[in-house]
Every structure is written in structure tokens, then in C-alpha cells.
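Here are some exercises to work through with the model on your screen. Try each task yourself before you read its solution.

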Amino acid sequence: MSTAPSSAANSAAGTVPAPHVAIIGAGCSGITTAKRLADYGIAYDQFEMSDDIGGNWYFGNPNGRSAVYESLHIDTSTKRLEFEDFPAPADYPDFPHHTLIHDYFRAYVDEFGLGDRIEFNTEVTRAARSGDGWELTLSTGETRHYTDLVVANGHHWKPRLPDYPGEFAGDLIHSHAYVNPFDPVEIRGKRVIVVGMGNSAMDIASELSNRWMAEKLYVSARRGVWVLPKYRNGVAADKVMAPPDIPKAVALEASRKLIRELVGEMSNYGLPDPDHEPLAAHPSVSADFLTRAGSGDIHMLPEITRLDGHTVHLADGATVEADVIICATGYEMSFPFFADTEADLHPDDEHRYPLFKRMIKPGVDHLFYLGLAQSSPTIVNLAEQQSKLLARLLVGDYVLPEVAEQELITKADEDAHLEQYYATPRHTIQIDFARYVVDLMAEIEAGEERARAAR
């Protein structure tokens, strides 16, 4: 990527055009990016394919891309997810219902006058590199040109379904389609298997394991996981995470010891013991799952290997009968507006997409991904932090390193963030939010120094 900033100042000098940015998406990442650009006086257009803001947190989103189910409460505490310059209402609980999260995003947009700048019901159907910028084709048929493109389309909307051999005679859906125990399939009195042990799987399994709901509730998983509580000593657990100034190895060792003391062995609850240390996977957090499992309401199964009518074959050679299978098996990163032939704009076959500071593909000009990370504990305000670098770059106050250095830094960052996790597509974009932000602010400072030196 060029280290020359696209800035209004340079435009006046006749070197580069003033930035005119396109933002794809008006979820939490898109709206906070828009605010930052507005604060810096940077021209932008924002496109949202739905009729309202909120993205994934818009329950019943008519664009079909929301993964929110009726009973969902966020697993991140309110204080961890709120935007810096717009505190959440004081009466919000520690773990708000999804309706409160959506209300909060709407209030943010209203507070800063961002709504009139969003073009709703407008999808970007194609984004192609054009000279030093981007040409966008809209669902209206219109074509527009921009100097820079921000991709904030989220990464929890394209479900990843397992490809089981055989045919299933019941209903097999992804958790993305799950709304409640009666929609899209009737659960009452059914034999149900929930596949996976992530947060959605645990929420749905806990909800359906009520005796008056599913006749029998199974959870199938390839491996055990550590199930973490939402509270520690009466305090939301993510409020007492180790601060980033503590060395990572020290914090990790202490956290793992504490988790073992808090929850004990998973086999004590009738669950498979994990084949990895605590925090070697993205945290699975639940207030109910362990109790449900320990009470005998949730029955564990190994991995599914084959389907035959209502008979489900398992990795240990056993079989069970099932009527419904709900696959909480994650999502794929996808950018459908980029041509398939543009290989450098898509993840690889292993779901990897390395980015400089999880924002920039080294060597690709004027393209920025915001919010494209599996961030622990929160993704809600990730783009708010990333937009600080973006805005400074666009006005010329920050200069990127050379491409080769970006690649080296990206490799080092990935090694640092991913070393604690076992290898799986789920963990390819994992970051520790607090440590990431400290590092990002250091990079902004370094880039500002490069800008001053260049001037």
C-alpha cells in the first residue's frame, strides 16, 4: 500500500484528491466509523441494504443477515461494549437483551445526526478497483466512484453448515435461522440435537432443555470446551479481566488458574473434559449451561458422522434418534460485492485473512475493513478504535509503514494474538481487545511521527 496519505491538505497542494469514502454497512462498526469521518470533516456515503441500522443486532432484520434470536442477551457487559463518547443508559443491566442493544445503537445515530447520511434499502452489489479508487454498483443500478472504501458488512451472517453424509428425515437448520422454540420449526416434544459448544449453542441448548420443551435435548461436539460463568464474585466477569499492562503470559496463567478454581472439571457436570487449556478457545460463556448439564437436562454426544432418516450416527459408533438438528457451527467471512477473481480480497480456504492491524490488506490501496475480528470480550466498539487510525490516515496526519513492513508486523501480530488458541477456522481472526487497542494506539503514534517526518 502506498504510504502517501489521501488528505484534504494534499488535495489543496494538487497531489491527491480529497477523500470521498464509501461505507458498506450500518451496523455497530459502520455507524461509529461514520461518526469518526464526520468528526474529521471527511466526505462519505453510507450504504445499508436493510431499512434500519443495527446489522446483526436488528432482530428480524428483513435482509436475513441478523443472527439474533428472541431470547438473546449479549455476553459482553454494558461497560465493555459502550462507545467512548456515548455511555449506555445508567439503568441498563450488566448483560442487556438484544432489544436494548439495538435501541442503544439507534440512540447513538440520533445523538450524532448520522441517520440522514445513511442510504437505506441500498445494497452494494459490486465494488471494483478503479484507478486510485473504487467503483461501486448499487442495487438501484447506479454507479458511483470513491477514493476509499470501508467494508463494515459484518462476519456473522453467512452460516457455515456441516456437510454430513446421508439424509436426515427431520429438520436440520443453522442456528442463524433459529428464532425461538416455535420458529422456524416446532421444538415441543421433539428429540433435538444442538451441534456445537459456542455461545449460541449454549444459549439455545439451555433454552430448549426445559422439560416442557424438547422431549430430549442433546449437544454434539467434536471436543469439550471450558464453560465460563458470566459473573465472578458478583461482578460481571469481563469487568475483572487482567489489564493489558500485565504481561500476557502472566495474565493467562493467572486467568487459567482462576477458571479452574471457579468451575472445576467439566466432567463434574457430565460434559467432556476439554483437550486444551482454559482460554485456548474463544470463551464460551453461559449462566445456565453447566446447571442444565449437571441436572441431566442436557445430554452430551460426540461428533455426528452420518445421517440416516431419523437415526444419527456418532463418532463413537453409537446412534441416537432425532427429529431436529440445530447447527451452531459458526460463520464464514464473506464479501459478496468483490469479484471471485479478486483473490486478494477474499479469505483463503482455511478462513484466514491476515490484515495490518486487522484493518488493511498490505498492498491493496484505499481499502479498509472495520470490525473484522473475533474480539474478546467485545466487538461492538472495535471499529470505534480502528476508525481513529483510518481518519488520521485520510487527512494526512498518519502515514502507513511500507508494505513489506506491514506484512512483517501483521505476521507478528497474528502470532501474538493467536498463539494461545488451538487451530480452527473459528480462531483465525481472534484478538484480545484490550491488548489490541494498546498496540493500535502505539501504531497511530508511530504513523503520526512518520507523517511529521514526511512533511
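**Exercise 1.** Which residue in β2 is the bridge partner of Val 21?

*Solution.* Before we start, note that this is a predicted model, where local features need pLDDT of at least 70, side-chain atom pairs count only at pLDDT 80 or more, and totals for chains, interfaces and linings use all residues. Residues are numbered from 1 along each chain as its sequence is written, and side-chain values use heavy atoms, with hydrogens and water left out.

Step 1: find the strands, remembering that helices (H or I, at least four residues) and strands (E, at least two) are DSSP runs, numbered from the N terminus. Strand β1 covers residues 20-24 and strand β2 covers residues 43-47.

Step 2: look at how they pair (two strands pair if DSSP finds at least two bridges between them). β1 and β2 run parallel and are joined by five bridges.

Step 3: read across from Val 21, and you reach its partner, Tyr 44.

**Exercise 2.** Why do the buried residues of α6 line one face of the helix?

*Solution.* Step 1: helix α6 spans residues 248-263. Its buried residues (under 20% relative accessible area, with exposed over 50% and partly exposed in between, for a 1.4 Å probe and protein chains only) are Lys 248, Ala 251, Leu 252, Ser 255, Arg 256, Ile 259 and Val 263.

Step 1: seen down the axis of α6, these buried residues fall within an arc of 130°, so they line one face. That arc is taken from the directions from the helix axis to the C-beta atoms.

Step 2: recall the general rule: an α-helix has 3.6 residues a turn, so residues three or four places apart point the same way.

Step 3: check the face turned away from the buried side, which carries the exposed residues Ala 249, Glu 253, Lys 257 and Glu 261.

Step 4: look for the cover over the buried residues of α6, which includes α9 (403-418) and α10 (433-454).

Notes
The expected span of a helix is 1.5 Å times one less than its number of residues. Contact means heavy atoms within 4.5 Å.
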